[in-house]
Amino acid sequence: MNEILKIFLSMSFSGSLLILILLWGKRFLKDKISRQWQYYIWLVVILRLLLPFGPKVSLLGKTYQAVGQAVSRSAAPLPPQQQSPPDTPKDVVTPSIGTEPDNETENHPAENLATAHSFQNIRVWLMNHILLFWLVAALSLLIRKITICQSFIRYIKAGLTPVSDIELLDQLSIVAEQSGIKKPVDLCVNPLVSSPLLTGFFHPCIVLPGMEISKKDFRYIVLHELTHYKRKDIFYKWLAQITVCLHWFNPLVHLMSREITRACEFSCDEAVLARMGSGNAQDYGKTLLNAMAAIGRYHENSGAVTLSENKQLLKERISAIMKFNKKTNAINFLTSALTLCVISGSAFVGIYPVAATVDHTADISQEIMDKSSAQRKTGNSDYAALAKRYYEAGSLPLFETVFYQLDKDTQKEWLEKLYADGDITFFSVAVRRLDENSSLLTDFADKAYTDRKPAFFSALTDNMKEADLEAWLDRALKDRNLAFQSILFGKPGQSGGQKNVWTEAQAKEYLAAGVTMDGRDYYYQGQLVSIFLDIRSGKSLCTLNMNPEGTVNIRIVRNKKDKITGVAYMTESEVTKLLGDTNDPDDHADMKIIPVNFRKVAAGKSIFLGEYKLSDGDRICYDISAETGKRLHVFFARSKKKNVVYWSVNNLRQPGEPLRCTADFTVRSAAAKPGTYQLYLRAPDGALGNVKGSISLLLKDAA
C-alpha cells in the first residue's frame, strides 16, 4: 500500500480515538466546563487529522511495528518447492536464446498459471491506485460543498436589500467598535432567510429576515453575529468541512463536524453573556425564541453562521443560557488540565512510523537473508531445478533471485552455460548477484577478454572493485585494446570523481577544435558524428563513440605532447581498420547497421525493423537504450504472429540503472535454422520514450 495512504489512515485512526474520548467525556462534563473550551478543543482533533507529524515513539508506532514484524515473518521465503511460478508473458513464448521451443516447453506449467498472475497484477494495480481513488472522492466531495455554498450565497444576494435606517446603522457601528471590530460591517434585509445570519469571509454582512426587531433584540443579534465574525467561525467551519472531505470514509469525522456546529452556537452564546452579564440571560433567550418565527424556509450551510439552527438545538441553548454562570478558578484549572491531557493524548497516540518501518524492514530483510543462507546450504538441488525452470520460462527476476541461492560450483556451471549460449541478458543478472571478491568474476572476465566479447566483459566489470578495474585498464592499455579501454574508462567506479572533471575539461578542449559534445553525441561543423575517435600518445587512452545516425567520421589529431592540433575526416580504410580492431578478426562479407531512433513507442506496440536472411556463423549485436519506460524487448521472429522469438533480449529497468538492451549473439544452425527472420522492437510493459541505439548484423553471406 502507498506509504502516504498508510500515514493518512493512521492519522484518521488517531483522530477517531480522540473523537471517541471527547464524546465520552462530554456526557460527564457538558455543564461543568466552559462551552468555549468544548468548542475549541476540537481544533486539537482537526490538527491530528490533518498534520502528518508525530513523535518517534507512540502507541500507533509500537502497534504498527508489532504488526509489521508478524506480517514480515509470515511473508518470509517459502521452501523452493512452495515458491510461486514465474510470470510468463501471455503473448510471447520465449525459448532459450537461439533455440526453437518444443512441445514440452509450450506446455510448461507456468502458462497454466497466467490467469492467477493476472489477478495478482490487478490486485497490485488497485493497491497502487487506491490513493488516487481516495483523492478523487475527497476532491469531489469538496467541490460539491463549495458548489452548494456558492448557490446559497447567490440565493442570499438575490434578495438582499441594504438597511438605510440611520439609527440601526449607528447602533451597529457602536456595537462593532465595542467588540474591537474596525472593518466596516454591512447590514441588509432578506425576507427569504430563516433567521439572522452572518455571511462573508472578508466582507462581513449581517442579514436580517425583517425590520420588525426591537432595539434590545437588535443589539443581542448584532453582538451575537459580530462575535461569530471576530472569532472567525466561518473559517473554523470550513476547516472542519475540509477535514470531512479528506476523511470522507470515517463516520466519526462526520459526527465531529456536527458536534463542532452545535458547540459553535453554545460557545457564542456563552461569549455574548460573558460580555453582557448573566443578568441579561432571560432577555437574550427571548431574542432566540423570536428568531425562530421563520425557521424552515431555507436551511443555512457552511457559507454562514446563524443566530438559530433548529428547535431542538434552541431548546438546549436556552437551557444552557439560563444556567450560565462565570466559571470558578477550580473549573478553569480543570479546563487547563484537560487541555494538556488531550494534547498529550494526541501526541501519545501518534501516527504510522515511517522511519521505524524502514529500520524494521532492514532487520527483517537481514533475518530473511540469514534464513535464505541456511536454505541455500541444504536445498541447493531444489534451487538448481528452479533456476532451470525460470530460465526456460524467460523470467529474469525469479532467475536472479534463485541464482543467489545456488552454491559456487552450480553458479559457475550456469555462468558457463549462459556464456556458451551467448545469453548476455541472463548472464548480466546472474553476475550482478556475485560478490565483488568472487573468483568467478576474475575467471569469466579473463575468458571474455581473451575471447574478445566486450558485452560479457562489460557486464562483469559492473560488479568489480575499483582496484580490479584499474588492473584491467592497465592490461588493456598494455595490449592497446581500444574497445576494452573504452569499456573500462566508462565504468562509474573507475577514476571516481576525477572523471567528471576530466570530461568537462575535455569538452572545452574539443570545443576549441570545433567539436561539440551533447551527452553521448558529437557534432563537427554542424554535422552529427557517426564515428568519433581520439587516441592519446602511445595509445595511453582512447575515446571511441559510434552513432549510426551520424553522417561524418572524424578523428582527433594530437601532437607528441597530447595537445589537439586539429580534426581530420577518417578515410574508408581507417574505418575498416578500426572496426576490425573492435570486432572478432573473422572476415565478414557484409555488415548492416540498423539505426534505432524513436521518440515514443506506444505500450504493447511492436515496431518492425526489417527482414533479414541469417546463416550459420552470422553475428547479431544489440545496443539500444530507452530514456523512459519500464521494459524494452528486442527480438527476431519467423512469422508476423511473433509467438515464438529468437535471439531475444527482454530487459526490465532496475532502480537507479538505465534501461538498456546490449547483447552479442552468434547464429548456430544447431540451435536455430538458417532462414529469413523479421526484426522487432517492442514495449511490452508501458510506453517507451526516446529510444536510441543500433543493431549490427555481421553477415558472412551477403543478403
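## Exercise 1: A salt bridge and its surroundings

Arg231 and Asp233 are joined by a salt bridge, and their closest N and O atoms are 2.9 Å apart. Before we start, note that this is a predicted model, in which local features need pLDDT of at least 70 and side-chain atom pairs count only at pLDDT 80 or more, while totals for chains, interfaces and linings use all residues. Residues are numbered from 1 along each chain as its sequence is written, and side-chain values use heavy atoms, with hydrogens and water left out.

**Solution.** 
- Step 1: Recall the terms: a salt bridge is a side-chain nitrogen of Lys or Arg within 4 Å of a carboxyl oxygen of Asp or Glu.
- Step 2: Buried means under 20% relative accessible area, exposed over 50%, and partly exposed in between (1.4 Å probe, protein chains only).

## Exercise 2: A pair within a helix

**Task.** Find how Asp421 and Lys417 are placed in helix H18.

**Solution.** 
- Step 1: Helices (H or I, at least four residues) and strands (E, at least two) are DSSP runs, numbered from the N terminus.
- Step 2: H18 covers residues 408–421, and Asp421 and Lys417 are four residues apart in it, which means about one helical turn between them.
- Step 3: Their side chains meet in a salt bridge of 3.3 Å, N to O.
- Step 4: Asp421 is partly exposed at 26% relative accessibility, and Lys417 is partly exposed at 35%.

## Exercise 3: A pair between strands

**Task.** Which strands hold Arg558 and Asp534?

**Solution.** 
- Step 1: The salt bridge between Arg558 and Asp534 has its closest N and O atoms 2.7 Å apart.
- Step 2: Arg558 lies in strand E10 (residues 552–558) and Asp534 in strand E8 (residues 527–535), so the pair ties together parts that are 24 residues apart in sequence.
- Step 3: Both Arg558 and Asp534 are buried.

## Exercise 4: One face of a helix

**Task.** Explain where the buried residues of H20 lie around its axis.

**Solution.** 
- Step 1: H20 runs over residues 439–451.
- Step 2: Its buried residues are Leu440, Leu441, Phe444, Ala445, Ala448 and Tyr449.

How values were computed:
Expected span 1.5 Å × (residues − 1). Arc of directions from axis to C-beta.
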